[in-house]
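This briefing covers one chain, topic by topic. Please keep the sequence and the 3D view open while reading.

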Amino acid sequence: MRGVTVPDPGEDFTADPVELFFDLSYVFAFAQLVFFLAHHPTWADAGRTVLLFSLIWLTWTQFTWSANAVSGNARPVRLWFLGATIAAVPMGASISGAWGTGGLPFALSQVVILSMGLLTMLVGLPRDSATRPAIIRYAIPNAVAMVVLLVGVAFEGSARVTVWALALLPVAYAMFRAGEADEASWIVRPGHFAERHGLILIVALGEVVVASGLGVADVLGELGDELERIPTASFAALGTAALLAALLWFAYFDRAQALFEHRAEETDGAARGRFARDVWSLWHLPIVAGVIATAAALEEVTLHPTDALPLPFRVMLAGGLVLFLGGTVGAIGRAVQVLVVERTIGLAVLVALVLLGSGLDGVVLAGLVDVVLLGLLAVEARHPRHVHAPEPVA
């Protein structure tokens, strides 16, 4: 790692192609989470899915901070990223069996990726960097979490769930402790952070499209020559699912992403580090998780468009919308200290619609969700009181 070029702390940069390649391994992981949730629609398995996603998010966000501190276009750093990408593949493959025989591969992958993320910063930054002491203080609790993850493999069932949940505690402690460090401790480049989190959200939104379309494609392929024509309801369900993905995209990328970057640029010192931790590392966890839950619910809608959506999947859809829209409300509130009234009211309407729409066909319910969300975004676009970011250039 000698000779790595470290950008000036005040210099921003865009995401390197190796970071995008790293994200591709999370496409697989997210797909496995959607599959697990769609085929295990129980409260217990939903909780396990949330825990697995939180652990996966931990490794991704760790490497985001690492790439933010040390430019990814340096050749040694790219090698670290490629190694982490390779380690992330067995992580995704072991998700469906993480509570059984896949526990050890999952935990080992987590440990390898976390270690590489920390080493990227420790070895990549100059020895006299003011950031190194903060990284070391942050790394120690993370090392404890890695040990707890490996210990959890020795347990089974609910005991493993408990131990792995405990592994999140030292990491949470490290994150909040790091936020109290002095102003010279953390390097935060707002443009890079905004781009990286936008990219991982696009990865998650891609799962809405894949999960919705893949199941229908498999069913139609099995029917083959027996199918005289493709059911209109299937086309309608695919359209409503794709529209919902597009609306979620608009809800984030139209103004919110620019707002977060703009507000981060207006802060400096320790306040910028806390802003990045809260808005991006913490509030984006429910945002991305909400997209994954929505994708699992929409898979059921597209597979059985003319059947009433079962209660577990209606709860899943409502929960996904709560996580996504609620996460954006929380992130915007943290950024500009304003409650987004339109999204708060619209979210309440969406949840009531989904939970009370027990007698509606799945495709009809999804279509109504699209209508409400479209109306919400239209009203919000006319009254963007919470957005203080620069107007888009025509």
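Gln337 is exposed, because its relative accessible area is 57%; exposed means over 50%, buried under 20% and partly exposed in between, with a 1.4 Å probe and protein chains only. The model is predicted: local features need pLDDT of at least 70, side-chain atom pairs count only at pLDDT 80 or more, and totals for chains, interfaces and linings use all residues. Residues are numbered from 1 along each chain as its sequence is written, and side-chain values use heavy atoms, with hydrogens and water left out.

**Chain overview**

- The chain has 15 helices and 0 strands, where helices (H or I, at least four residues) and strands (E, at least two) are DSSP runs numbered from the N terminus.
- Of the 394 residues in the chain, 53% are buried.
- Contact means heavy atoms within 4.5 Å; among contacts between residues at least 6 apart in sequence, 82% join residues at least 24 apart.

- Gln337 sits in the loop between α13 (311–336) and α14 (341–356).
- The phi angle of Gln337 is near 55°, a positive value in a residue other than glycine.
- Leu325 belongs to helix α13 and is buried, since its relative accessible area is 1%.
- The C-alpha atoms of Leu325 and Ile287 are 7.1 Å apart in space, while the two residues are 38 apart in sequence.

**Packing of α2 and α6**

- Two packed helices are described by the angle between their axes and the distance between the axes.
- For helix α2 (residues 43–69) and helix α6 (residues 158–166), the axes come within 11 Å and cross at roughly 35°.
- Axes are lines fitted to C-alpha atoms, for helices over the stretch in contact, and angles run from 0 to 180 degrees between N-to-C directions.
- The α2 and α6 crossing is left-handed, meaning that the near helix is turned anticlockwise from the far one by less than a right angle.
- On the α2 side Arg48, Leu51, Leu52 and Leu55 take part, and they meet Ser158, Val161, Trp164 and Ala165 of α6.

**Helix α3**

- Helix α3 (residues 75–93) has 19 residues and reaches 28 Å from its first C-alpha to its last, close to the 27 Å expected at 1.5 Å a residue; the expected span is 1.5 Å times one less than the number of residues.
- Buried residues in α3 are Val77, Phe81, Ala84, Thr85, Ala87, Ala88, Met91 and Gly92.
- The cover over these buried residues includes α1 (17–39), α2 and α4 (103–124).

**Aromatic pairs**

- The count is 16 aromatic pairs, taking rings of Phe, Tyr and Trp (its six-membered ring) with centres within 6.5 Å; planes under 30 degrees apart are stacked, over 60 edge-to-face and the rest tilted.
- Trp99 and Trp164 form a tilted pair, because their ring centres are 5.3 Å apart and their planes are at 45°.
- This pair ties together parts 65 residues apart in sequence, because Trp99 lies in the loop between α3 and α4 and Trp164 in helix α6.
- Trp99 counts as buried at 12% relative accessibility, and Trp164 counts as buried at 0%.
- A cluster linked by ring pairs contains Phe22, Tyr26, Phe30, Phe53, Trp57, Trp60, Phe63 and Phe81.

**Gln62**

- Gln62 is placed in helix α2 and counts as buried at 2% relative accessibility.
- Not counting residues up to four places away in sequence, Gln62 touches Leu114, Gly117, Leu118, Met121, Tyr138 and Asn142.
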